[in-house]
Amino acid sequence: MSIKSHIIALLLAAGMGAAQAQVVIVHAQNPSGSLSKEQVEQIFLGRSTSFPAGGSATPIDNAALRDAFYQGVTGKSGDQAKAHWAKIEFTGKGKAPAEAPSGKAVAEQVSKNPAAIGYVDKADVGAGVKAVYTVH
């Protein structure tokens, strides 16, 4: 392996280690302390419209992280998730999640709406929200 190949491999490894974990967030006053992968999947695929501890659940998609999130939680690509929601909307059985352009925008919306649930990089968790699930 050449020196150039070693340098590229090291840079790629360093970049992967620097990636933040994704977390699912809810309003700070939400009674849910944590959610399971299955509960998160149910909400983000429109199969459930409420939190396990009670209250409506309104999902918000993070456009910057959609593909990785849906792959990690549902096994679907971002495009497959969009197609899933298009079918639900077409049949009148639900409405696709609102979309925010960034983690900071998702966190801001969730902090203002007790029914909201979204996903962000762990670094974007701030005042008014709490993490209830870590995407693996």
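## Helix 5 and its cover

Helix 5 buries Gly103, Ala105, Val106, Ala107 and Val110. Buried means under 20% relative accessible area, exposed over 50%, and partly exposed in between, with a 1.4 Å probe and protein chains only. The cover over these buried residues includes strand 1, strand 2, strand 3, strand 4 and strand 5. Helices (H or I, at least four residues) and strands (E, at least two) are DSSP runs, numbered from the N terminus.

Axes are lines fitted to C-alpha atoms, for helices over the stretch in contact, and angles run from 0 to 180 degrees between N-to-C directions.

## Basis of the model

This is a predicted model: local features need pLDDT of at least 70, side-chain atom pairs count only at pLDDT 80 or more, and totals for chains, interfaces and linings use all residues. Residues are numbered from 1 along each chain as its sequence is written, and side-chain values use heavy atoms, with hydrogens and water left out.

Two strands pair if DSSP finds at least two bridges between them.

Strand 1 pairs with strand 4 (residues 116–121) in the antiparallel sense, over 5 bridges. Here valine 26 stands opposite isoleucine 117 of strand 4. Strand 2 runs parallel to strand 4, joined by 3 bridges. Isoleucine 60 faces glycine 118 of strand 4 across the pairing. Strand 2 also runs parallel to strand 3, again with 3 bridges. Asparagine 62 stands opposite alanine 100 in strand 3. Strand 2 is largely enclosed by the rest of the structure, because 4 of its 5 residues are buried.

Valine 23 sits in strand 1 (residues 22–27). Its relative accessibility is 2%, so valine 23 counts as buried. The C-alpha atoms of valine 23 and aspartate 121 are 6.2 Å apart, although 98 residues separate them along the chain. Beyond its neighbours within four places in sequence, valine 23 contacts Gly118, Tyr119, Val120, Lys122, Val125, Ala131, Tyr133 and Thr134. Contact means heavy atoms within 4.5 Å.

Asparagine 30 lies in the loop between strand 1 and helix 2 (37–44). At 5% relative accessibility, asparagine 30 is also buried.

## Helix 3 against helix 4

Two packed helices are described by the angle between their axes and the distance between the axes. For helix 3 (residues 66–74) and helix 4 (residues 78–90), the angle is about 80° and the axes are 8 Å apart. The two helices are therefore roughly perpendicular. Angles of 65 to 115 degrees count as roughly perpendicular, under 35 as roughly parallel, over 145 as roughly antiparallel and the rest as oblique.

Helix 3 contributes Arg66, Asp67 and Tyr70 to the contact, and helix 4 contributes Gly78, Asp79, Ala81, Lys82 and Trp85. By class, the contact has 3 nonpolar, 1 polar and 4 charged residues. Ala, Val, Leu, Ile, Met, Phe, Trp, Tyr, Cys and Pro count as nonpolar, Asp, Glu, Lys and Arg as charged, and the others, Gly among them, as polar.
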